[in-house]
Amino acid sequence: MSLSVTSWFIAQSRAQSARPQRRFTLGGSDYSERVLRWPQLTFRADTIQLGTTTVQLSNIGRPFQTLVDCGALLTTSCELALGFVHPTSGPEYLSLFRGTPAHVAFESGGTALRLQIEGRTRRLSDVSLGTAVRSAGMDFTGSAYYPSDLAWILVTCYGGFASVQSTSNPDVDFAGWQAWRDTNGVRDVRVQAYLTGERIYQVLDTLALMDSRVIAIENGRLRFRDAVEAFDTPLPALSPAFVLESA
């Protein structure tokens with residue numbers, strides 16, 4: 001998939017002497033210096049980012065006590081990013097994981113903690129479509145939807161992603177989805193389904209495979225790409241620096 005970074009950034013990522021910087025923000029504030037142990041994140045161009053990750057943080061001075069005292073902070077945003085500092089224009093970062101705090105566990109007498117972060121796509125792996133009982137399945141057999149339309153319904157109506165049909169959608173790459181739908185319209189490709197307990201991401205994977213698409217997360221948004229389209233910078237080609245390995 002193409003990355004929303006400059007060519008200089010890409011060159012740095014491939015350099016043998018690359019020295020990336022890691023960044024952790026909570027509610028927009030930078031707590032990178034508080035990180036005791038970074039998570040390990042791995043990526044594939046055809047995989048929807050799912051699940052959770054955990055960051056170990058220093059709590060000396062109790063800066064994170066409010067995560068317990070103020071429950072509202074558990075709905076704030078978190079981000080793990082990796083970047084390089086340009087000699088003239090300053091730091092440039094690539095977002096690798098976005099989510100919200102899901103669980104806090106204090107350690108070492110309260111001087112450290114483990115913060116579990118729930119990825120924004122977690123719901124895509126949690127929500128079941130229909131039930132295992134055949135007679136109580138989710139019926140799309142009479143819909144004649146385009147594959148792109150069914151994908152949109154699944155991620156917005158059932159996955160909780162924003163349904164804004166413009167490029168301002170914060171969760172979905174609307175332009176990429178629109179290009180997919182336009183292709184479906186030209187080909188007049190239709191799809192039907194009867195779902196008996198499948199997870200949302202499983203159905204998305206099937207739709208992507210049958211319609212030559214790649215559905216993946218890039219910079220925190222669900223992105224749709226033509227599988228035969230050449231990626232500007234395939235993620236596997238990037239250096240190991242793009243893994244937030246444990247410190």
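**Notebook: sheet, loop and ring pairs**

The model I am reading is a predicted one.

Next I looked at β5 and β6. Strand β5 (residues 78–86) and strand β6 (residues 90–107) run antiparallel and are joined by nine bridges. I checked L82 and found L94 of β6 standing opposite.

I then took the chain as a whole. I counted six helices and 13 strands. The chain has 247 residues, and 43% of them count as buried. The accessible surface is about 12,300 Å², and carbon and sulfur atoms hold 48% of that. Of the contacts with a separation of 6 or more, 70% are between residues 24 or more positions apart.

**Entry on N59**

Is N59 buried or exposed? I found N59 in the loop between β4 (52–58) and α2 (66–69). Its relative accessible area is 1%; the cut-off for buried is under 20%, so N59 is buried. I listed what N59 touches beyond four places in sequence, including R34, F106, G110 and L113. F64 is also among the residues that N59 touches. A polar atom of the N59 side chain lies 3.0 Å from the backbone nitrogen of F64.

**Entry on aromatic rings**

How many aromatic pairs does a search of the whole structure find? I found seven. One of them is Y31 with F64, a tilted pair with 5.0 Å centre to centre and 55° between the planes. Y31 is in the loop between β2 and β3, and F64 is in the loop between β4 and α2, so this pair ties together parts 33 residues apart in sequence. I noted Y31 as partly exposed, at 22% relative accessibility. F64 is buried, with a relative accessible area of 1%.

I then looked up W180 and F224. Their ring centres are 5.4 Å apart and their planes are at 40°, so I recorded the pair as tilted. W180 belongs to helix α5 (residues 174–187) and F224 to strand β13 (residues 221–226), so the pair ties together parts 44 residues apart in sequence. W180 counts as buried at 0% relative accessibility, and F224 counts as buried at 2%.

Last, I noted one aromatic cluster formed by W152, F174 and W177.

How values were computed
Residues are numbered from 1 along each chain as its sequence is written. This is a predicted model: local features need pLDDT of at least 70, side-chain atom pairs count only at pLDDT 80 or more; totals for chains, interfaces and linings use all residues. Side-chain values use heavy atoms; hydrogens and water are left out. Two strands pair if DSSP finds at least two bridges between them. Helices (H or I, at least four residues) and strands (E, at least two) are DSSP runs, numbered from the N terminus. Buried means under 20% relative accessible area, exposed over 50%, partly exposed in between (1.4 Å probe, protein chains only). Contact means heavy atoms within 4.5 Å. Accessible areas come from the Shrake-Rupley method with a 1.4 Å probe; for residues, only the protein chains shown count as cover. A polar contact is a pair of N or O atoms within 3.5 Å; within protein, one must be able to donate a hydrogen and the other to accept it, and residues adjacent in sequence count only if both atoms are side-chain atoms. Rings of Phe, Tyr and Trp (its six-membered ring) pair if their centres lie within 6.5 Å; planes under 30 degrees apart count as stacked, over 60 as edge-to-face and the rest as tilted.
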